[in-house]
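Dear colleague,

Please find below the structure for your review.

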Amino acid sequence: MNKLFLIALAMFATANLMAQDNDPVIMNINGNDIKRSEFEYSYNKNNSEGVIDKKDVRDYVQLYVDYKLKVEAAKDAGIDTLTNIRTELQGYREQIVYPTIENPLFLEDQAYKTYINTKNHYGDVDLLTCQHILILMRQDATEQQQQEAKQRIDSIYQCVLAGEDFGELATNFSQDPGSAKNGGKLPKFGKGTMIPEFQDAAYALQPGEISEPVKTAAGWHIIKMIERGPFESYEFHHDNIVKFLNQQQGFRDAAAEALIDSIAKEENVSKEVVFERLFNDMIAKDDEAKNLAQEYYDGTLMFEASKTMVWDKAQNDKEGLTSYFKKNKKQYMWDAPHFRGVVVHAKEPQYIDQAKKLIKGVEPSEWATKIVGLNTATDKVVRVEKLGVFKKGDNRFVDKHAFKSSEELKEYNEYPYSNVIGKMLKKPQTYEDVRGQVVADYQKEKENEWVRSLREKYPVKVNWDVVDTVNNH
């Protein structure tokens with residue numbers, strides 16, 4: 001065998017080993033190697049300055065293993081193949097890839113089209129750069145106000161004729177706040193962009209000339225021509241157009257998509273193939289992007305798996321929630337009584353009495369529906385605040401009628417009579433009385449059971465010697 005080839009092979013093997021040593025496998029989850037750099041990125045991000053509940057590295061390993069186990073469960077359940085998930089993941093990948101793609105041909109093409117469209121908009125007439133001084137005058141101004149405005153503009157015009165600096169006069173006296181601070185200078189404009197009287201007076205001037213006072217719908221103006229000339233060349237506007245295009249939302253995405261499309265057509269492959277190659281090239285060169293992409297992928301799958309396999313099921317498991325509440329009643333005790341019921345507002349007091357009769361023998365969850373049945377299409381006689389569990393201070397009407405507060409209560413004008421229907425509770429009677437707390441705790445219990453089952457299902461191997469080198473290599 002060729003000696004040089006053997007040397008090269010040995011050098012390649014050595015380089016490969018060095019690369020492996022530089023980023024060793026920290027753990028294996030269900031046959032998937034996880035490198036130290038990926039774990040280190042996650043650990044440092046979630047234990048940075050300002051994080052209250054910081055973990056040491058070994059404690060964080062257990063959390064990270066649980067996280068990765070949920071990702072494996074998501075993949076086994078086919079969550080990564082769901083259309084909405086694939087769309088979300090692809091959208092994120094595009095967000096991090098597209099800004100890195102340069103498409104100078106597309107940029108130049110769009111820049112030139114923008115130039116031509118703008119030039120055509122202005123036509124062959126000159127573009128003007130002017131200064132002006134404005135004295136405002138409302139169109140409905142009284143005769144006296146009109147005279148005062150005319151006298152003021154005439155006075156300023158005399159100062160202009162006397163040779164006083166136009167810019168200083170504009171700054172001191174012009175009532176156009178946008179231009180006054182710039183010595184009265186207006187942005188460059190063409191025909192069709194200004195008030196007709198102003199436009200006609202401006203186009204009648206040559207550079208350096210100053211108009212007599214001009215009356216428009218806005219008031220009185222004095223105009224000074226600074227320069228005028230045809231729309232400049234593409235080269236003159238090129239850099240500003242490019243800057244403008246790059247600042248437009250979606251432009252870089254459009255440029256990236258155009259490049260991907262052109263490569264796909266040239267190579268006779270799908271755009272998906274081209275994008276995948278660009279994405280892989282990017283993450284091979286950029287560790288930060290690689291870690292971000294992996295984090296988003298894992299996080300999306302983990303969240304969706306937790307939601308569909310645990311959280312949603314637990315939240316809707318009435319039997320399980322009831323059983324959990326009964327077993328853990330003591331941890332949901334109240335410091336003070338609560339009121340469970342509804343608040344009813346009525347136009348007349350008899351409607352509250354009718355409401356009380358309507359709900360006899362009816363499940364509390366149906367009370368509001370029953371009571372609003374008193375309303376007709378033409379006459380809304382009652383208004384109901386939905387069923388709830390209230391402690392003192394939660395609701396002013398409950399405080400007044402259930403907790404017997406002595407504070408004066410202001411009723412609604414349209415519904416001047418109010419009362420509550422329900423009962424006082426010294427302690428929660430069902431999980432619905434403390435639903436938020438019970439659901440959260442029950443979800444946590446079911447999630448812990450799920451994780452234990454995943455640890456039994458998927459093999460986990462942690463290289464603790466590598467763990468001890470995190471942030472210390």
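Two strands are said to pair if DSSP finds at least two bridges between them. Helices (H or I, at least four residues) and strands (E, at least two) are DSSP runs, numbered from the N terminus. The model is a predicted one, in which local features need pLDDT of at least 70 and side-chain atom pairs count only at pLDDT 80 or more, while totals for chains, interfaces and linings use all residues. Residues are numbered from 1 along each chain as its sequence is written, and side-chain values use heavy atoms, with hydrogens and water left out.

Strands. Over 10 bridges, β3 pairs with strand β5 (residues 219-229) in the antiparallel sense. Within this pairing, Thr129 stands opposite Glu227 in β5. Strand β3 (residues 127-136) is largely enclosed by the rest of the structure, because 9 of its 10 residues are buried (under 20% relative accessible area, with exposed over 50% and partly exposed in between; 1.4 Å probe, protein chains only).

Pockets. A pocket is an open set of points on a 1 Å grid over the protein atoms alone, where a 1.4 Å probe fits, with protein on both sides within 12 Å along at least five of seven lines; lining residues have an atom within 4 Å of a point. Grid points are joined across faces, edges and corners, and a volume is the space filled by probe spheres set on the points.

The largest pocket has a volume of about 730 Å³. It is lined by 29 residues, and Leu89, Gln90, Arg93, Phe275 and Glu276 are the closest to its centre. Helix α4 supplies the largest share of this lining, 7 residues. The lining of the largest pocket comprises 11 nonpolar, 5 polar and 13 charged residues (Ala, Val, Leu, Ile, Met, Phe, Trp, Tyr, Cys and Pro count as nonpolar, Asp, Glu, Lys and Arg as charged, and the others, Gly among them, as polar).

The second largest pocket has a volume of about 430 Å³. Of its 18 lining residues, Tyr60, Leu63, Tyr64, Asp66 and Tyr67 lie nearest the centre. Helix α3 gives the most to this lining, with 6 residues.

Helix α13. The 29 residues of α13 should span 42 Å at 1.5 Å a residue, which agrees with the 39 Å between its end C-alpha atoms; the expected span is 1.5 Å times one less than the number of residues. At Lys307, α13 bends by about 45 degrees (the angle between axes fitted to the seven residues ending there and the seven starting there).

Yours sincerely
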